[in-house]
Amino acid sequence: MNAPANVDARVIHLISQLVPVKPQDIKPEQRLRDDLGMDSVSSMELLSMLAEDFELDVGVEDVADVHTVGQTIELVKVFLAKKAA
Amino acid sequence: MRADVVDERTEVVDALREQVRRFCEREVNARDIDAAARIPKAVLEGLGALGVFGVTLPEAYGGAGLRLEDACRLVDELARHDRSVAVSVGLHLGLGTRGLVRYGTAAQHERWLPKLASGEAIAAFSTTEPGAGSDLSSLRTVAKEDGAHLVVDGEKSYVTNGGFAGLFTVAVSTPGLGGAQRGQSLVLVEPTDPGFSVQREEHKLGLKGSSTTGLVFENARLPRERLLGEPGQGPRMLAHILSWGRTLMSAGCCGGAAYCLDKTVAHAQQRTQFGRPLAALDVVKERLALMHARHFAMEALVLATARQQDDEALAVHSLAAKVFCSEGAGWVADEAVQLHGGLGFIEETGVAMVLRDVRVTRIFEGANDVLLTHLGTAELTRRASEGRRHSVSEVEAALDDFALSLHSTHKLRVFRQPRLLHALGAATAWVMASRAATQRAHLTQHPTQLAFAKLVEQQAHAAVARASTPLTDDTLVHAALGLERTGARP
C-alpha cells in the first residue's frame with residue numbers, strides 16, 4: 001500500500017505497520033504504549049521511522065514527552081514547520 | 001546473601017533464613033527432586049509452615065509484610081539447596097502474587113491472600129503463548145465482555161507452578177475494554193473455572209522439579225470481578241510485576257552460583273595436582289577469584305535493584321540484574337564444572353545439575369537478547385536527555401561516551417538498529433553491576449570485597465570496549481548468510 005500524503009494519515013499509516021491495528025482504528029487520543037501495546041523499544045522505533053520518512057532532524061531529547069498518537073502527529077508537524085522555516 | 005544495609009527487618013529475615021537453611025538441609029534433596037521431577041508435597045507444606053509463601057504478602061492477611069529485598073535473600077537461600085524449589089517460591093512471591101497485592105481490590109485480597117500467604121494455595125502467572133513471547137502486543141488469548149462475565153479463549157505456554165497452582169494471574173487481550181481500542185488486561189483464574197484447563201507437564205533440561213505446563217481457555221467464563229486492576233492497563237501493571245519477578249529470579253541465580261562456588265572452593269582445596277592443591281595453582285586461583293568477584297557483583301546488583309522505590313528505576317535495574325545474574329550463574333556453574341575436572345560431569349557432584357538448572361534463566365521472564373535491547377534503549381534515552389555526567393568513574397564515563405557517540409552518529413535512527421541497542425545494553429548491565437559492587441564494597445571497606453569490586457570494574461571496562469567495537473557489521477553478517485543487503489529494516 002502506498003503511504004498517504006497528508007501528515008496525519010502518514011503518521012497513522014506508519015503506526016499501523018508496527019502494531020496489529022488497522023489505520024481506521026487508530027485515534028489521536030490513544031497512547032502508544034497502554035492503548036496500542038507498544039513497548040519502549042517499538043515506540044522509539046516508530047519515532048525513528050517517522051524522522052526518516054519525513055526527513056526530520058529529531059533528537060532523542062525531543063521525543064521525551066511524546067506518548068500519544070496525537071502528540072506524535074504534532075511532533076512531526078512542528079519539525080516540518082522548522083524545516084520549512 | 002548478606003544484607004549490606006542493616007535495619008530493623010534484617011534480623012527477622014536472618015532468623016527466617018536460618019530456619020529455611022536448617023529445613024532445607026533436613027528435608028530437601030535436590031538429586032531426588034531432579035530424578036522424580038517433582039517437589040515432595042511435604043517440602044512445600046514445610047515451607048508453608050515456616051511462612052515462606054507469605055513473606056511479601058500483607059500482615060493483615062497472614063503474611064509477613066516484608067520487602068522485595070527480604071524475599072530475595074530467602075530465594076537466594078532456597079536456591080543454594082534446590083533451584084526448582086527456589087523458582088516455585090520465587091514465582092509465587094513475585095509474578096504470582098505481586099499483581100494481586102498491588103492492584104487487587106479488598107474483596108480479591110480477602111478471597112485469595114490468606115490462602116496464598118499460608119501456602120494452602122500457590123500462585124502462578126502467565127503471559128507467554130504459543131505465538132507470543134516477549135511481544136505483549138501479539139497476545140492472542142482474548143477476553144470479551146458478556147454481561148457480568150468475561151469469556152476467555154486462547155492458549156498459554158510454559159506456566160511455572162501451573163500443575164499445582166490455586167490461582168493464576170493471566171495476561172489477556174481485551175479489545176475495547178477500558179476505553180482503549182486495543183488493550184491488554186490481567187485476569188485472575190482459578191483451576192476450577194469452567195472452560196479452563198491445565199495441560200500436561202513439560203519435560204525440561206533443568207529445574208525438573210518445578211512444574212511447567214500449558215493452559216487452555218475454551219469459552220471460559222469468568223465473573224467480571226476477576227479483572228485485576230484497571231481494564232486495558234495490563235502493560236503498565238505487567239511492567240511492575242515483571243520487575244519483581246526478574247529481581248527474585250536474579251536472587252535465585254545468586255544462590256545457584258553460591259552453591260557452585262562453595263563446592264568448587266572445597267574441591268580445589270582438597271584435590272591435589274602436580275604435588276599441590278588445585279587452589280594453589282595460579283590459573284585456578286585466578287579463576288576462583290573471578291568467580292568470587294562475579295558472584296559478589298551479582299548479589300550487589302540484586303540488592304541494589306530490590307531497594308529501588310521508583311517503578312521506572314526498578315524496571316531498568318531489574319533488566320540489568322536479570323541479564324547479569326542469569327549470565328553470571330551460567331558462567332560460574334560452567335567454571336565449577338570445569339574446575340571439578342571429570343567429577344564436574346558426574347551428576348552426584350551437584351554442579352552439573354546447577355548448570356542445567358540455571359540455563360533457562362537466560363530465556364524465561366524475558367529472553368536476555370530482548371531485555372538487552374530494552375536496557376540499551378533505556379540507557380540511550382536517558383543519556384541523550386541528560387548528557388555526559390561529571391565526576392563519575394572511568395568506566396561510567398566510557399559508557400557515557402559510547403551512548404552519546406551512538407546518539408550523535410545515528411540520532412533517532414539508532415532505535416532501528418537493535419544490534420547497537422543490544423551492545424549498549426550489554427555494556428550497561430556490566431557497568432550497573434560494577435557500580436553496585438563498588439558501592440557494596442565501600443560500605444564494608446573489606447579488602448577482599450574491594451578487590452572483588454576492582455575485578456568487576458576491570459571486566460566492565462572490557463565489556464564497554466567490546467560493545468563499542470563490534471566484531472561484525474551488517475555487510476559481513478549478510479555475506480555470511482548468503483543474503484543480499486536490503487537495508488536496515490529486514
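Let's start with one residue: T68(A) touches P28(A), E29(A), Q30(A), R31(A) and L32(A), leaving aside residues up to four places away in sequence; touching, or contact, means heavy atoms within 4.5 Å. T68(A) sits in the loop between α2 (40-53) and α3 (69-84) of chain A. Helices (H or I, at least four residues) and strands (E, at least two) are DSSP runs, numbered from the N terminus. With a relative accessible area of 17%, T68(A) is buried; buried means under 20% relative accessible area, exposed over 50%, and partly exposed in between, with a 1.4 Å probe and protein chains only.

A word on the model. It is a predicted one, in which local features need pLDDT of at least 70 and side-chain atom pairs count only at pLDDT 80 or more, while totals for chains, interfaces and linings use all residues. Residues are numbered from 1 along each chain as its sequence is written, chains are lettered from A and ligands numbered from 1 in the order in which they are written, and side-chain values use heavy atoms, with hydrogens and water left out.

**Where the chains meet**

The contact takes 24 residues from chain B and 27 residues from chain A. Together the two chains bury about 2300 Å², 55% of it on carbon and sulfur atoms. (Buried area is the accessible area, 1.4 Å probe, that two parts lose on being put together, summed over both.) The rule finds two salt bridges across this interface, a salt bridge being a side-chain nitrogen of Lys or Arg within 4 Å of a carboxyl oxygen of Asp or Glu. E52(A) and R416(B) meet in a salt bridge through their side chains, at 3.3 Å from N to O.

On the chain B side, the elements giving two or more residues are α8 (234-270) and α12 (368-386). The largest share, seven residues, comes from α12(B). By class, this side has six nonpolar, twelve polar and six charged residues. (Ala, Val, Leu, Ile, Met, Phe, Trp, Tyr, Cys and Pro count as nonpolar, Asp, Glu, Lys and Arg as charged, and the others, Gly among them, as polar.)

**Inside chain B**

Chain B is assigned domain 1 (10-122), domain 2 (124-232) and domain 3 (237-468); such bounds come from an automatic or database domain assignment. The centres of domain 1 and domain 3 of chain B, taken over C-alpha atoms, are 25 Å apart. Here 23 residues of domain 1 are in contact with 31 residues of domain 3, and the two domains bury about 2400 Å² between them, 70% of it on carbon and sulfur atoms.

Six salt bridges turn up across the interface of these two domains. In chain B, R356(B) also pairs with D34(B) in a salt bridge, with the closest N and O atoms 3.0 Å apart. On the domain 1 side, α2, α4 (68-81), α5 (83-96) and α6 (98-103) of chain B each give two or more residues. The largest share of that side, nine residues, is from α4(B). Its residues divide into ten nonpolar, four polar and nine charged.
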